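Subject: Structure handover

Dear colleague,

I am passing a structure on to you with this email, and I would be glad if you kept it open while reading the notes below.

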Amino acid sequence: MKTSIATKIIAASAILMGGPAAFSHVVLDEPAALAGRGYKAALRISHGCEGSPTTAVKVIIPAGFQGAKPMPKAGWTLSTSIARLDKPYDSHGKRISEDVAEITWSANSPDNWLPDAWFDEFVLRGTLPAQAGPMWFKVLQTCEKGRLSWTEVPVSGTSAAGLKSPAALLEIIESATVGHQH
C-alpha cells in the first residue's frame, strides 16, 4: 500500500512538532516539505536575548537550498551575500555557480526592534534538493544587548536533544514526482 504525500507531510510535521520545536527557540513554521519543490521558509523568532529586543536576524542558507529569495519586512533593511557554490546547478536552462549564501534583516530604528515579549517571522523562499533528509537553517540573532547563535546541528539524525542552541530543522520528504516548482 502506498502512503500519500500529504500523509507523509502530516506525519513528519507531527513528529517534528513534538521534537526539536518543543524546546528550540527558532523554528520553521512548516517543518516538513517535499524534495525537489519550491519551499517558503518562515523562521519564527520567539524571544530576544535575555530580555533584550532583537535588532537583526541573519540566516545562513543551507547547502542544496537553491535560489533563496528573502521577503522584505517593513521597518527592516534587507541584505544578501552571494557565494560561489561547491555544486553548481541548472535553473531554467542556465548554469548557476553563485547563489545567495546569507540573508540579513536589520531593524531600521529602535521603533522597529522586535521586543523580547513578542515573536515574528522572517521569510525566504527557494527550491529544495531532490534528495530527502534533514536540512538545517542556521540563524544568528543580534539583540540590543547580546547575541544568540542558533547554529548547533546534531552529529547524526534529526534529534536536537541535548543541543543548547539548535538550528531550525526542515525535514525534506521523498516525493514520488520530483520536479522544480517555483
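Predicted model: local features only at pLDDT ≥ 70, side-chain atom pairs only at ≥ 80, totals over all residues.

Residues are numbered from 1 along each chain as its sequence is written, and side-chain values use heavy atoms, with hydrogens and water left out.

The structure contains 1 disulfide (a pair of cysteine sulfur atoms within 2.5 Å), formed by Cys 49 and Cys 143 with their sulfur atoms 2.0 Å apart. The torsion about its S-S bond is about 70°, so the disulfide is right-handed. The pair links distant parts of the chain, 94 residues apart, since Cys 49 lies in the loop between strand E3 (38–45) and strand E4 (54–60), and Cys 143 in strand E9 (residues 133–143); strands here are DSSP runs of at least two residues, numbered from the N terminus. Cys 49 counts as buried at 6% relative accessibility, and Cys 143 is buried as well, with a relative accessible area of 5%, where buried means under 20% relative accessible area with a 1.4 Å probe and protein chains only.

Leaving aside neighbours within four places in sequence, Phe 137 is in contact (heavy atoms within 4.5 Å) with residues including Leu 28, Val 59, Phe 65, Trp 150 and Leu 170.

As for the strands, which pair if DSSP finds at least two bridges between them, an open sheet of 4 strands runs in the order E1-E3-E8-E5 with antiparallel pairing. E1 and strand E5 (66–70) stand at the edges, each with a single partner strand, so one side of each has no neighbour in the sheet. Within this sheet, E3 and E8 pair in the antiparallel sense over 8 bridges, and Gly 38 stands opposite Thr 127 in E8. Strand E6 (residues 76–91) and E7 also pair in the antiparallel sense, over 12 bridges, with Val 100 in E7 as the bridge partner of Ile 82. The hairpin of E6 and E7 has 2 residues between the strands, and His 92 takes a positive phi near 55° there.

How values were computed: Buried < 20%, exposed > 50% of the residue type's maximum accessible area, 1.4 Å probe, protein only.
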